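This report is written for a reader meeting the structure for the first time. Please look through the sequence and the model before reading on.

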Amino acid sequence: MKRRKLIRSAGLLGSTLAVAPLAHSSGVSTGSGPKGVEKNSAFLHGVASGDPLQDRFIIWTRISSDDAGSGPLHWLVASDRDFNNVLRQGQLTVSAERDFTAKIDVAGLQEGRQYFYRFVFAGEQSPVGQCRTLATKNHLSARLAVVSCSNFPAGYFNVYREIAKDPGYDAVLHLGDYLYEYGQGGYATENAEALNRVPFPQTEIKSLSDYRKRHGQYKSDVDLQAMHAAHPMICVWDDHEFANNAWQNGSPKEGDESNWLKRKNAALQAYYEWMPVRENSEHGINRHFRFGNLLSLSMLDTRLKGREKQPNRKAFTLGFQQDREMLGEAQQIWLEEQLKSSQDTVWTVIGQQVLLSSLNTPDLNGIADPEGDSMFARYRSRKHYKNTISNSHYGLPLLLDAWDGYPKARERFLKLLSKYGKNHIVLTGDIHTGICSEIPVPGEETKKITELVTASVTSPGLDDYFPSLPDKSVGEAFQQKNPHMSYINGKDKGWLDVNFTKENVEANWKVVDSIDSYNYNVSTKFTKTVQVQS
Ligand SMILES: [Fe+2]
């Protein structure tokens with residue numbers, strides 16, 4: 001599809017649902033401060049909504065004019081896209097304290113209704129956004145677009161564009177890595193210059209000002225803006241909104257605890273300023289949504305809230321460091337309360353970051369290309385990559401940052417899930433690879449929990465880490481080694497389209513065949529249907 005057609009097709013969402021007048025060619029320096037903005041619009045970063053409940057949802061925007069803090073910003077919520085019937089409105093003043101962003105929790109709305117919102121600043125109207133409140137009882141269906149790992153320099157957000165064009169989603173679930181912290185020359189920036197998507201700032205982000213600017217760059221993307229305007233988002237963070245492989249009290253790059261705290265707090269502040277997420281005093285991202293009596297959705301924090309440090313591979317292989325917390329006690333207690341109080345829903349759904357299923361490495365000797373263009377070789381060393389291949393015959397877990405590194409915590413989590421409700425679906429991101437898996441519940445071998453894992457929006461997948469030798473398939477080798485997985489696709493970028501009804505859930509792994517071009521095709525690579533158990 002040509003770019004011009006894509007922009008025009010945004011009009012399908014409604015005559016007043018405009019995409020902010022930004023071009024990709026405007027580059028990366030739209031920045032986040034009100035000064036130095038090149039474009040005329042006060043709404044350079046679009047609008048967004050999120051965290052819909054039965055009577056409320058969040059609306060968000062940012063003012064980019066030089067005089068952003070000088071006058072009132074008006075907000076309006078209406079039942080019609082032409083704003084003839086305005087139901088709620090108000091005003092506030094943005095300030096440098098929150099980087100000129102505005103977030104309102106619009107309450108007093110009716111359940112299960114479609115609403116439209118917009119902002120007005122100094123006579124200029126923002127693009128119009130749409131959001132739908134959840135129903136109390138009768139949710140006949142709930143359709144979710146599930147995404148993760150949207151890496152701006154790695155490619156175009158064609159996945160977001162496709163989701164924006166489809167009016168049928170109730171919400172977009174973003175399971176983390178909404179942005180990446182690296183600078184130019186870092187992870188997945190090889191094509192950034194050619195794509196005009198060089199990270200801004202150009203170095204790895206560490207300070208509050210850095211994180212704000214990076215959020216601003218991502219939200220200057222027209223496809224991201226179109227998706228936010230079209231659907232409410234329910235998001236959780238993963239590590240890259242902070243730093244690679246972060247855990248509760250640190251990250252590999254921030255050895256010193258005070259350095260980590262400073263960086264974490266900077267990232268956290270920018271996240272809350274820039275994301276349409278409801279804030280609470282505990283700074284918790286774990287929260288619960290109820291789509292009538294159809295489904296209960298618990299969004300978890302497997303990254304920062306209670307996660308202990310990832311195990312050391314050598315010690316782990318020798319049987320040590322097996323019992324480490326992933327959710328933490330407080331979050332487990334919270335989750336049990338949610339599960340207990342929503343046993344009357346048909347589906348029990350978990351949205352979380354890292355792979356829950358075990359993923360053992362197959363013998364890749366003679367299958368992966370030791371001289372191929374591997375991400376391991378590029379970012380670690382050729383030697384490390386070759387060693388990984390030659391040691392693969394041991395069949396060890398591939399990732400110790402995922403639940404595989406936390407086996408006792410996984411057992412506790414699976415048993416807790418199994419205790420409440422019958423029909424469990426776990427939605428997962430992080431691994432940049434589309435996966436469909438059935439996880440046996442410990443102690444109840446006939447009981448299985450289905451895990452649906454989305455591909456990345458743009459980040460490199462399994463096939464980029466282990467390129468195959470000619471006529472060999474690393475993906476097939478992984479699948480044979482892990483028979484509980486009926487689908488593994490580490491090549492394609494895409495999203496997960498999941499539709500829940502009272503009879504079944506149908507999941508479609510949708511893919512785009514290019515992120516280097518706006519000329520791309522969309523297809524469905526795999527479908528999984530799970531029937532409800534009475
Ligand atoms: Fe990622």
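**Domains**

The model is a predicted one. Its domain assignment divides the protein into domain 1, made of 3–30 + 134–531, and domain 2, covering 31–133. Taken over C-alpha atoms, the centres of domain 1 and domain 2 are 27 Å apart.

**The iron site**

An iron ion has protein donors from Cys-149 (SG), Asp-177 (OD), Tyr-180 (OH) and His-432 (NE2), at distances of 2.1 to 2.5 Å. Along the chain these donors are spaced as C-x27-D-x2-Y-x251-H. The site has 4 donor atoms with angles of 83 to 166° among them, and its geometry is irregular.

**Cysteines**

How many disulfides does the structure hold? The number is 0. Cys-436 takes part in no disulfide, and the nearest cysteine sulfur, that of Cys-149, lies 18 Å away. A disulfide needs two cysteine sulfur atoms within 2.5 Å, so the 18 Å between the sulfurs of Cys-436 and Cys-149 rules this pair out. Cys-436 is buried, with 0% relative accessibility.

**Loop residues**

| Residue | Loop | Relative accessible area |
|---|---|---|
| Asp-51 | between β1 and β2 | 0% |
| Asp-430 | between β15 and β16 | 14% |
| Thr-433 | between β15 and β16 | 1% |

Asp-430 is in the loop that runs between β15 (423–428) and β16 (434–441). Its contacts, leaving out residues up to four places away in sequence, include Cys-149 and Asp-177, which are also among the donors of the iron ion. Other residues touched by Asp-430 include Asp-238, Asp-239, Arg-303 and Asp-401. Asp-430 and Gln-225 are 205 residues apart along the chain, and their C-alpha atoms are separated by 22 Å.

Thr-433 is placed in the loop between β15 and β16. A polar atom of its side chain lies 3.3 Å from the backbone nitrogen of Leu-462. Beyond four places in sequence, Thr-433 touches residues including Val-453, Ser-456, Gly-461, Leu-462 and Asn-489.

Asp-51 belongs to the loop between β1 (47–50) and β2 (57–62). The backbone nitrogen of Arg-278 is reached by the side chain of Asp-51 at 2.8 Å.

**Helix α4**

Helix α4 spans residues 208–218 and is mostly covered, with 8 of its 11 residues buried. Which residues of α4 are buried? They are Asp-210, Tyr-211, Arg-212, Arg-214, His-215, Gly-216, Gln-217 and Tyr-218. These buried residues pack against α5 (222–230) and α6 (257–274).

Key:
Residues numbered from 1 in each chain as written. Predicted model: local features only at pLDDT ≥ 70, side-chain atom pairs only at ≥ 80, totals over all residues. Heavy atoms only, no water. Donors = N, O, S within 2.8 Å, 3.2 Å for Na, K, Ca; no water. Tetrahedral: all angles 85-135°; square planar, octahedral: opposite > 155°, others 65-115°. Buried < 20%, exposed > 50% of the residue type's maximum accessible area, 1.4 Å probe, protein only. Helix = DSSP H or I, 4+ residues; strand = E, 2+ residues; numbered from the N terminus. Contact = heavy atoms within 4.5 Å. Polar contact = N/O pair within 3.5 Å; in protein donor to acceptor, adjacent residues only side chain to side chain. Domains from an automatic or database assignment.
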